[in-house]
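Work through the exercises below with the structure open. Each task is followed by a solution in steps.

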Amino acid sequence: MAEKVIVIADSITVGELAEKLNLPVTDLIGELFKNGIVSTINQRIDFETASIIIEELGLKDVELERKSTTSLATRKVHELSDLAVTRPPIVAVMGHVDHGKTTLLDAILETKVAEGEAGGITQYISAYQTVRNGRSITLLDTPGHEAFAALRQHGAALTDVVIIVVAADDGVMPQTVEAIRFAQMANAKIVVAINKMDKEGANPGLVKGQLAEHGVIPDDKVWGGDVPMVEISAKARQGIDTLLDTVLLVADIEELRADIDTPAEGLVIESHMEVGRGSVVGLLVEQGMLKPGHFLVAGTAFGKVRTMLDFAGRTLKEAGPATPVTVTGFKELPQFGDAFVIVKSEKEARSLASIARIENEKNAASTNITGADLLKMMNQQHESQNLNVIVKADVQGSLTSVVNSLKIIDTQGEIKLNIIGSGVGNISENDIRLATGQDTIVYGFNVGMSTAVKQLANRDKVQVRTFNVIYKLLDDARESMEAILAPEIVETEIGKLTVKGIFRTLKDVVIAGGEVTSGKITAGVLARVKRGKEQIAEVEVINVQRQQQEAKEVFEGEMCGLSLKTNKKLLVEEGDKLELFTRELVKRTLK
C-alpha cells in the first residue's frame with residue numbers, strides 16, 4: 001500500500017515533480033536522461049513518463065494519480081459499439097540507430113527511404129501502409145537517434161504492436177532498451193525482428209539472451225516466453241513475409257476494432273508549412289471516418305480539411321481507423337502529438353481551440369521560473385555569458401527535438417543558451433532582422449533560404465548555419481559555446497627554492513642566490529615569495545645562472561643565482577622561500 005499519493009494532471013514540470021517527490025531536481029533530470037529523455041527544470045513531462053521514472057527510481061511508497069481534466073489532448077478509451085469493425089494494426093518500428101529500422105521499411109514498401117535520409121538517421125515520424133494477404137498494416141517509422149526520444153515516445157503511444165529491430169551482429173543497445181520501455185509503457189505488444197542475419201558474426205542466440213535479461217522472453221521452445229522473434233535480413237529481403245504474418249497474428253489475438261459511424265478522432269503525427277499549400281499536417285485516424293470538408297480541432301489549432309492524401313500522395317475521399325493521411329486546411333500548425341477531433345462547424349472549432357489556448361496559457365504560467373531560480377540567475381548573471389540562437393526546422397517534430405536537445409547542453413551555468421526565436425519553415429528575412437545586432441546564430445535544420453535572405457544575412461553580418469543531421473547541429477552549437485566559455489586558469493607547481501643571499505636590489509628587479517629544495521627552476525616561470533606562512537609578493541624569474549653561467553634548468557640540491565622581476569621595489573631577505581610555478585590559460589570544453 002503506497003504511503004504517499006501524488007495527484008497530477010496530464011503533464012507536470014520536472015521541477016514541480018521533483019518538489020513533490022522531495023528529490024533534488026538534478027537526480028530527476030539525470031534519471032530522465034538515462035531513459036533517453038532530455039529535459040530541463042521547466043520542461044513538462046506527461047503522466048506516463050512520470051510514472052515510469054518514479055518506478056525506475058524505486059519509489060515504492062509513492063503512487064501517482066491522474067487529475068481529472070477536460071483537455072482535448074487526452075487520449076480516450078472508447079467504448080466500442082456493436083457495429084465496430086476490424087481495423088488494421090498500427091505498428092511502430094523502433095530500435096537502436098543503425099540497426100536497420102528504415103531499411104526494413106524499405107524492404108516492406110519497396111521504396112528507397114533509407115537512402116534519402118541525412119546521415120542514414122530517421123529525422124521524424126513517417127507513416128505508411130502496406131498490404132499483406134489482402135489486409136492493411138499501418139507502419140510508423142520512428143527516429144533512432146538519442147535526440148529524438150520525445151518523438152519515439154509519441155510513436156509508442158500511437159501503437160498497437162512495436163517491431164523492435166535488433167542487429168544480430170550488435171545485440172541489445174541503449175535505445176533498444178528504451179524502445180522496450182516505451183512499448184511496455186504504451187501497453188503495446190512486442191515483436192522482435194533480429195536483423196542483419198546475412199552478416200558474418202550474426203548471433204541470434206546472444207540477442208535472445210540479452211533481450212531476456214530485459215524481460216523480453218522469446219516464445220520458442222528453448223525460452224518458453226511470449227514474445228515472437230523473427231530472424232530477418234532487411235537488406236537481402238529475407239524473412240519479411242514471415243515478420244508481417246507474425247504481426248497480423250498478434251493483431252488477431254488482440255482483436256483490434258474501431259467504430260467508423262462516428263466523428264473521426266486521432267492524433268497529429270507531423271506538421272509543417274509548404275509554399276502554395278499552407279499548413280500540411282500528418283494525421284493518424286484512430287476511429288471514425290475523416291473526409292474532406294470536415295472541421296478539425298487539434299490543440300490550439302483548427303481548420304477545415306481542404307485536401308486529403310494517403311502516404312503515397314494519392315487523393316483520398318475518406319480515411320478510416322488506423323489510416324495515416326496528410327491534410328491541408330489548418331489555420332495554423334498544430335503541435336505534433338495533439339489529439340484531433342471533428343466538430344460540426346467552424347464556429348465550434350474556433351471556440352474549442354480558444355479554450356485550449358487559455359488552458360495552455362494557464363499551464364505555461366506554472367512553468368515560469370521560480371523565485372529561487374531567479375535569485376540564482378541574478379547571482380550568476382555577472383559571471384555568465386549568453387549565446388543567442390534562432391532555430392528553424394522543416395517540421396514541428398524536428399523543431400521540438402532540436403530545441404530540447406539544445407537546452408540540455410551543460411555549461412556548468414557559465415553560458416546561457418537563449419533561444420530567442422523558433423519556428424517551422426525556411427529561414428526568412430524576419431529571422432535575420434531578429435538576429436541582427438544581437439550576435440545571434442540562426443540555425444536551420446532541413447530548411448533553406450532565398451537569395452534575398454542570404455544577401456540580407458551577409459549585409460548585416462548574421463551567422464546562418466544549416467544542417468540536415470541533428471548531431472552535427474548540436475556539435476556546432478557546443479563548439480560555439482566553447483568558443484565563448486571563459487578559459488580556465490591552470491597553475492602547475494614546478495619547484496621550490498630557499499634564498500641563501502641577496503646580491504642586488506633595484507627598483508623592479510632583485511638579484512639573489514639560493515638552493516633548489518625540490519623540483520627544478522627555469523627562466524620564465526612565476527614564483528610566490530613566502531616569509532614564514534605569509535606570501536609577501538609574486539614575481540617572475542627572468543634569468544637563472546649556475547656558477548655564473550646562464551642555465552636553462554637547475555635541479556633539486558643545486559645552488560643557483562636568479563633575477564626576480566616585480567612591479568614594485570621588493571625587499572627579499574635571506575631565508576625567504578620561493579614556490580615556483582607556471583600559470584596558463586587553457587581553453588575549456590563542454591563535457
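**Exercise 1.** State which residue A92 stands opposite in β9, and how the two strands pair.

Solution. A92 stands opposite V162. The strands concerned are β6 (residues 90-95) and β9 (residues 161-167), which pair in the parallel sense over five bridges. Two strands count as paired if DSSP finds at least two bridges between them. Strands are DSSP runs of E with at least two residues, helices are runs of H or I with at least four, and both are numbered from the N terminus. The model is predicted: local features need pLDDT of at least 70, side-chain atom pairs count only at pLDDT 80 or more, and totals for chains, interfaces and linings use all residues. Residues are numbered from 1 along each chain as its sequence is written, and side-chain values use heavy atoms, with hydrogens and water left out.

**Exercise 2.** Give the strand order of the open sheet of six strands and find its edges.

Solution. The order is β7-β8-β6-β9-β10-β11, with mixed pairing. β7 (126-132) and β11 (229-231) each have a single partner strand, so one side of each lacks a neighbour in the sheet.

**Exercise 3.** Describe the pairing and burial of β14 (residues 278-287).

Solution. β14 pairs with β13 (residues 265-274) in the antiparallel sense over nine bridges; here H272 stands opposite V280. The two form a hairpin with three residues between them, and G276 in the turn has a positive phi of about 90°. β14 also runs antiparallel to β17 (residues 324-330), joined by five bridges, with L284 opposite P324. Eight of the 10 residues of β14 are buried (under 20% relative accessible area, 1.4 Å probe, protein chains only).

How values were computed
Buried < 20%, exposed > 50% of the residue type's maximum accessible area, 1.4 Å probe, protein only.
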